[in-house]
Amino acid sequence: MSLIYKLKTAQPTFLHGVHDYLGEIQPFAERVGNPLLKVPMVALKSLEWAIYRWHKTPIRRFYGVKGNELIYMITNACNDRCPKCAIWERPESRAERLSLERFLVCLRRLHQNLYQVTLTGGEPLLFKKDVLAIAEEAHRLDVPMVTITNGRFIDQEFLETYKNFGHILVISVDSVQRDKWNEFRGRKNFDIVMPKILLAREILGDRLRIQSVLSVESEAEVEKVIEWCRERRIQHNTQMYQDFGTTFWRSTATPQQMVEDPTPCAARKNICVYPNGDIVKCFDHRRIPVAKTPLGNIADQDIIEILSSKRSVEVSRAMKTCNLPCKSMSCNKPQVELFK
Ligand SMILES: C[S@@+](CC[C@H](N)C(=O)[O-])C[C@H]1O[C@@H](n2cnc3c(N)ncnc32)[C@H](O)[C@@H]1O
Ligand code: SF4
Ligand code: SF4
């Protein structure tokens, strides 16, 4: 039912306790509709709150599933120009970027509750040194890592180092035909990247995965990618096209069809970090009224304090029943549904 974080900081004061109690009980009491049930429900809730405080102090908790995925959008910048994606249009300045050290602090703080750290972007391998430093620390902390890349900057040295950490590399491929590849990437780099994918298969073995985006434009090509992967025994995942701020590609399903699927959104497991260190619970947070602005920023705040705040609890709660097309993104699905 809840997440429990061990907080290795100083013991909280009495005032912290009062604040924590009210922050949790007040919104709970407001949600109990039946006036006759208010008192008994608040009493039970208070008992539950007290057990958690007594059980292990100091602790912080907030509602969510146990086991988080920390997803770091390490940069908006990219060396490709895919028409399906507009992230590359808003590269952050050097001054805006979160320092590597602050991300590592966040990773260390959360590692006991992480089942995975995922690096995405923009193009993560524009910051290859940082990716390898995070991979090394994740390995040391025993947290599995996944890096999603367009593959352009992988090379033998990177692959061999990455392999030693035991992590997974996902390369995005929407076509295995030269012309379509070049059209889908907005860059003529099929002949550069394809040999790198084959090298990655050789070095990483089944730790190499391929992901494709399914849209009206890519549908026929994605079928061929799946076949290409099957022949090489590479696990593949298909991600439904979403509106990433461009109008060049179109979805194969209507928004209505996407939300008719009864599978609930699993994004409550996520702790998402923007390139500047802003924290959100899902990258589509602006669609949730209470989550429009970030929950905090790890450049100068502690991640557990951010996640334990009253608003984080509220956001996590609102996400329980959120049902929007973005739930079909891979990062918002349970892990078991990905890469077959
Ligand atoms: C935004 S990219 C960042 C990582 C890296 N640059 C890459 O392309 O793999 C992360 C994943 O999102 C996918 N993607 C890009 N645009 C998308 C869209 N409009 N809808 C759904 N997925 C998209 C990419 O193909 C990739 O697999
Ligand atoms: S999908 Fe990835 S490779 Fe393509 S433009 Fe977006 S960030 Fe770059
Ligand atoms: S449906 Fe979309 S906005 Fe709602 S919680 Fe899931 S990812 Fe976030």
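In this predicted model, Met 73 stands opposite Thr 120 in β4. Seven bridges join β3 to β4, and the two strands run parallel; strands are taken as paired if DSSP finds at least two bridges between them. Helices (H or I, at least four residues) and strands (E, at least two) are DSSP runs, numbered from the N terminus. Because the model is predicted, local features need pLDDT of at least 70 and side-chain atom pairs count only at pLDDT 80 or more, while totals for chains, interfaces and linings use all residues. Residues are numbered from 1 along each chain as its sequence is written, and chains are lettered from A and ligands numbered from 1 in the order in which they are written.

On to the rest of the sheet. Strand β4 (residues 114-121) is also joined to β5 (residues 145-149), by three bridges in a parallel arrangement, and Leu 119 stands opposite Thr 147 in β5. Helix α3 (residues 100-110) packs on the sheet, where it touches β3 (68-75), β4 and β9 (270-273), and its direction makes about 175 degrees with that of β3. Contact here requires C-beta atoms, placed from the backbone, within 7 Å; axes are lines fitted to C-alpha atoms, for helices over the stretch in contact, and angles run from 0 to 180 degrees between N-to-C directions. Nine strands make up the open sheet, in the order β8-β7-β6-β5-β4-β3-β9-β10-β11, with mixed pairing. At its edges stand β8 (235-240) and β11 (296-297), each with a single partner strand, so one side of each has no neighbour in the sheet.

Within this sheet, β4 is mostly covered, with six of its eight residues buried. A residue is buried if 20 or more other C-beta atoms lie within 10 Å of its own, exposed if 12 or fewer, and partly exposed in between, with C-beta atoms placed from the backbone. The largest nonpolar core has 64 residues, of which Tyr 72, Val 117, Ile 171, Ala 200, Val 273 and Ile 279 touch the most other members. Its largest share, five residues, comes from β3. Such a core is a set of buried Ala, Val, Leu, Ile, Met, Phe, Trp, Tyr and Cys residues joined through C-beta atoms within 7 Å.

Leaving aside neighbours within four places in sequence, His 236 is in contact with Ile 210, Ile 226, Cys 229, Phe 339 and Lys 340. Phe 339 lies in the segment after α11 (310-319) and is partly exposed, with 18 other C-beta atoms within 10 Å. Its phi is near 50 degrees, a positive value in a residue other than glycine. Arg 233, in the loop between α8 (219-232) and β8, has a positive phi of about 55 degrees although it is not a glycine. With 9 C-beta neighbours inside 10 Å, Arg 233 counts as exposed.

The ligands complete the picture. Ligand 1 is surrounded by 17 residues, the closest being Lys 84, Cys 85, Ser 172, Gln 242 and Phe 244; a residue is near a molecule if its C-beta atom, placed from the backbone, lies within 6 Å of it. At least two residues of this shell come from each of β4, β5 and β7 (208-214).

Terms used:
Two residues are in contact if their C-beta atoms, placed from the backbone, lie within 7 Å.
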